[in-house]
Amino acid sequence: MDLEKHLKEIEAMGNDHIGSSTETPMRPDAFELSDIEKIASIKKDVQNIMHTLGLDLTDDSLKGTPTRVAKMFVQEIFGGLHPDRRPKASTFENKYKYQEMLVEKNITLYSTCEHHLLPIVGKAHIAYISNGSVVGLSKMNRIVDYYAKRPQVQERLTMQIVKELQQVLNTEDVACVIDAKHLCVNSRGIRDIDSSTVTSEFGGAFKNSETRREFLDYIKLDTEF
Ligand SMILES: Nc1nc2c(ncn2[C@@H]2O[C@H](COP(=O)(O)OP(=O)(O)OP(=O)(O)O)[C@@H](O)[C@H]2O)c(=O)[nH]1
Ligand SMILES: [Zn+2]
């Protein structure tokens with residue numbers, strides 16, 4: 001999707017999308033600043049936070065931190081906010097006429113909790129049943145990575161991944177389960193190091209309990225982080 005089309009979609013949504021759809025809530029002016037301008041602006045914000053905390057920004061170890069964090073936000077951990085980074089997932093004809101489900105499991109997932117800006121670490125498991133076209137296996141990992149590189153809630157991330165693959169593969173028959181640890185739960189607040197969060201989205205044929213069971217049997221949810 002090109003940037004202009006993406007902006008038009010955001011505009012057309014008005015404020016209706018906020019909190020109510022699978023879209024990441026973004027402002028229509030989200031891409032008015034270039035990445036370089038965003039890095040310069042965030043650098044100042046991080047400097048201010050560190051200064052407020054009383055840290056000495058002339059210290060050798062600290063002086064590069066504002067730039068490092070700004071680059072990390074814009075280019076890495078929140079890089080998936082920019083539609084230019086959306087992976088190109090071209091499809092191919094299902095020439096083997098493979099009709100069973102295809103499962104891509106244990107996809108490593110690093111995301112960021114949008115409530116605390118702390119890491120979410122886990123595994124995503126995806127399944128689809130071909131409707132005539134197939135997608136390269138790695139494209140599923142790339143789609144997970146793209147949507148994970150945003151401030152997220154796990155429920156929305158799960159739905160965004162399914163929606164994207166449904167569009168790419170032109171079928172409703174897509175499912176995703178995510179099992180992930182939220183550092184905002186594990187390392188602060190309630191500090192429960194062992195708990196993890198499981199979310200799922202079952203489209204089309206996966207709403208059928210037998211099909212869903214088959215997928216869940218393949219992944220077994222023995223997730224190790
Ligand atoms: N539904 C959902 N909630 C999340 C997710 N990530 C974090 N949260 C929760 O969002 C809530 C944030 O709201 P608050 O209760 O205002 O946050 P808080 O006061 O820091 O809460 P504590 O973590 O309990 O200290 C917390 O309970 C988090 O555990 C997520 O992916 N999905
Ligand atoms: Zn959190």
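This briefing describes the fold, the ligand sites and selected residues of the structure above. The structure is a predicted model, in which local features need pLDDT of at least 70, side-chain atom pairs count only at pLDDT 80 or more, and totals for chains, interfaces and linings use all residues. Residues are numbered from 1 along each chain as its sequence is written, chains are lettered from A and ligands numbered from 1 in the order in which they are written, and side-chain values use heavy atoms, with hydrogens and water left out.

**Overall fold**

- The protein chain contains seven helices and seven strands; helices (H or I, at least four residues) and strands (E, at least two) are DSSP runs, numbered from the N terminus.
- Along the sequence, these elements occur in the pattern α-α-α-β-β-β-β-α-β-α-β-α-β-α.
- Of the 225 residues in the protein chain, 39% are buried; buried means under 20% relative accessible area, exposed over 50%, and partly exposed in between, with a 1.4 Å probe and protein chains only.
- The whole structure holds zero disulfides, a disulfide being a pair of cysteine sulfur atoms within 2.5 Å.

**Ligand 1**

- The residues around ligand 1 are Cys-113, His-115, His-116, Val-153, Gln-154, Glu-155, His-182, Cys-184, Val-185, Arg-188 and Gly-189, where a residue is near a molecule if one of its heavy atoms lies within 4 Å of it.
- This shell comprises four nonpolar, five polar and two charged residues; Ala, Val, Leu, Ile, Met, Phe, Trp, Tyr, Cys and Pro count as nonpolar, Asp, Glu, Lys and Arg as charged, and the others, Gly among them, as polar.
- Glu-155 places a polar side-chain atom 2.7 Å from a nitrogen atom of ligand 1.
- An N or O atom in the side chain of His-182 is 3.2 Å from a nitrogen atom of ligand 1.
- The side chain of Arg-188 has an N or O atom 2.9 Å from an oxygen atom of ligand 1.
- Taken alone, ligand 1 exposes 620 Å², and the protein buries 50% of that; the areas come from the Shrake-Rupley method with a 1.4 Å probe.
- Helix H5 (154–169) and helix H6 (183–186) are the elements that give two or more residues to the shell around ligand 1.

**Zinc site**

- Cys-113 (SG), His-116 (ND1) and Cys-184 (SG) coordinate the zinc ion (ligand 2) at 2.0 to 2.3 Å; donors are N, O and S atoms within 2.8 Å of the metal (3.2 Å for Na, K and Ca), and water is not among the atoms, so sites may look incomplete.
- Along the chain, the donors of the zinc ion have the spacing C-x2-H-x67-C.
- Cys-113 in strand E2 (residues 101–113) and Cys-184 in helix H6 are 71 residues apart, and the pair links distant parts of the chain.
- Cys-113 is buried at a relative accessible area of 3%, and Cys-184 is also buried, at 9%.

**Other residues**

- Lys-123 lies in strand E3 (residues 119–129) and is buried, with a relative accessible area of 16%.
- The side chains of Lys-123 and Thr-108 make a polar contact at 3.1 Å; a polar contact is a pair of N or O atoms within 3.5 Å, and within protein one must be able to donate a hydrogen and the other to accept it, while residues adjacent in sequence count only if both atoms are side-chain atoms.
- Ile-193 sits in the loop between H6 and strand E7 (197–202) and is exposed, with a relative accessible area of 55%.
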